[in-house]
Amino acid sequence: MAKELPNDALLTEIFQKVSSAKTKKEKVELLQKYNNPGLRALLIINFDESLEYLMPPGEVPFKANDAPAGTEHTRLDHEYRGLYRYFKGGDNSLTSMRREQLFIQLLEGLTKQEADLLVQCCNKDLQSDYRITKQVVAEAFPSIEWGNRG
């Protein structure tokens, strides 16, 4: 039997475990097992085409946090609540410059792996590193309503 992830696993660890699963059924079961709001938020950000990311597309110029994992980092599964700021309809009071500053600060507080994961999801590019499809996500979380966001 495959090694279990700890209850406080980083989202990158969960995505890697799901990606490594051999069958669609295993992937669905793993997503359901490790289900949390931050995980679902990233999957929605990546797969929901109606979400419009307000940052410039592509790489984000941030300084990676080089502290060892588990120390001096924020966690993406705790920071997901503020991600609305970076999408159309989220926080219209922010200027583009302030939004970019906040996003860079967020990324610099995360581990490099979690920062890269967030940028990939915002750019709808999760599949470049993880073998997870919208069909698997839709089967794992049938309550997610796709579309009409933003």
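**View 1. Ser 19 reaches over to the backbone of Arg 131.** The side chain of Ser 19 comes within 2.7 Å of the backbone nitrogen of Arg 131. This is a predicted model, where local features need pLDDT of at least 70 and side-chain atom pairs count only at pLDDT 80 or more, while totals for chains, interfaces and linings use all residues. Residues are numbered from 1 along each chain as its sequence is written, and side-chain values use heavy atoms, leaving out hydrogens and water. You'll find Ser 19 in helix α1 (a helix is a DSSP run of H or I, at least four residues, numbered from the N terminus). Ser 19 is buried, at 5% relative accessible area (buried means under 20%, with a 1.4 Å probe and protein chains only). Leaving aside residues up to four places away in sequence, Ser 19 touches Lys 27, Asp 129, Tyr 130, Arg 131 and Ile 132 (touching means heavy atoms within 4.5 Å).

**View 2. Leu 118 sits in the largest nonpolar core.** Such a core is a set of buried Ala, Val, Leu, Ile, Met, Phe, Trp, Tyr and Cys residues joined through side-chain atoms within 4.5 Å. Of its 48 residues, Phe 15, Leu 42, Leu 43, Phe 103 and Leu 118 touch the most other members. Helix α3 gives the largest share, 7 residues. Among the residues Leu 118 touches, not counting those up to four places away in sequence, are Leu 42, Leu 76 and Phe 103.

**View 3. Cys 121 and Cys 122 are in no disulfide.** A search of the whole structure turns up 0 disulfides (pairs of cysteine sulfur atoms within 2.5 Å). For Cys 121, the nearest cysteine sulfur is that of Cys 122, 7.0 Å away. Cys 121 is buried at 0% relative accessibility, and Cys 122 is buried at 4%.

How values were computed
Buried < 20%, exposed > 50% of the residue type's maximum accessible area, 1.4 Å probe, protein only. Helix = DSSP H or I, 4+ residues; strand = E, 2+ residues; numbered from the N terminus. Polar contact = N/O pair within 3.5 Å; in protein donor to acceptor, adjacent residues only side chain to side chain.
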